[in-house]
Amino acid sequence: QVHLVESGGGLVQAGDSLRLSCAASGRTFSTYTMGWFRQAPGKEREFVATISGNGGNIYYTDSVQGRFSISRDNAKTTVYLQMNRLKPEDTAVYYCAADRVASSWAVQTDRLSYDYWGPGTQVTVSS
């Protein structure tokens with residue numbers, strides 16, 4: 001069982017930066033692939049970024065490539081999402097998720113594969 005809690009959301013202007021954090025409970029954090037997803041009003045939840053259990057494999061959706069950076073600190077059982085050059089279209093509730101996998105190198109973009117989810121944190125980017 002993994003309990004996830006996101007923090008760091010807020011209201012910013014276009015071009016600003018935010019750093020989201022996701023604190024996880026449990027002693028086996030490094031065995032989970034972690035992902036960030038987001039959901040805007042009236043839209044489906046979409047993949048943003050994922051990082052493997054050992055932190056050595058990372059993948060982003062095209063719309064955030066070069067602006068967002070995912071990282072993790074397994075000692076602190078926390079995953080981060082650094083968001084730079086934010087745009088109004090980045091406005092959404094951001095969720096972190098954990099996927100128990102067999103390989104420490106695995107990444108996952110499919111939200112249906114994730115086992116645990118946080119409650120989300122709101123990010124609003126004004127123009």
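Q: What is the relative accessible area of Glu-46?
A: Glu-46 has a relative accessible area of 38%, which makes it partly exposed, a class lying between buried (under 20% relative accessible area) and exposed (over 50%), with a 1.4 Å probe and protein chains only. This is a predicted model in which local features need pLDDT of at least 70 and side-chain atom pairs count only at pLDDT 80 or more, whereas totals for chains, interfaces and linings use all residues. Residues are numbered from 1 along each chain as its sequence is written, and side-chain values use heavy atoms, leaving out hydrogens and water.

Q: Which side chain does Glu-46 meet in a salt bridge?
A: Its partner is Arg-38, at 2.6 Å from N to O; a salt bridge here is a side-chain nitrogen of Lys or Arg within 4 Å of a carboxyl oxygen of Asp or Glu.

Q: And Arg-38, buried or exposed?
A: Arg-38 is buried, with a relative accessible area of 5%.

Q: What does the pair of Asp-90 and Arg-38 tie together?
A: Asp-90 lies in the loop between strands S8 (78–83) and S9 (92–100) and Arg-38 in strand S4 (residues 32–39), so their pairing joins parts 52 residues apart in sequence; strands are DSSP runs of E, at least two residues, numbered from the N terminus. The N to O distance in this salt bridge is 2.9 Å.

Q: Where does Arg-67 come in?
A: Arg-67 forms a salt bridge with Asp-90, with 2.8 Å between the closest N and O atoms.

Q: Switching to the whole structure, how many salt bridges are there?
A: The search finds 3, and Arg-38, Glu-46, Arg-67 and Asp-90 are linked in a network.

Terms used
Helix = DSSP H or I, 4+ residues; strand = E, 2+ residues; numbered from the N terminus.
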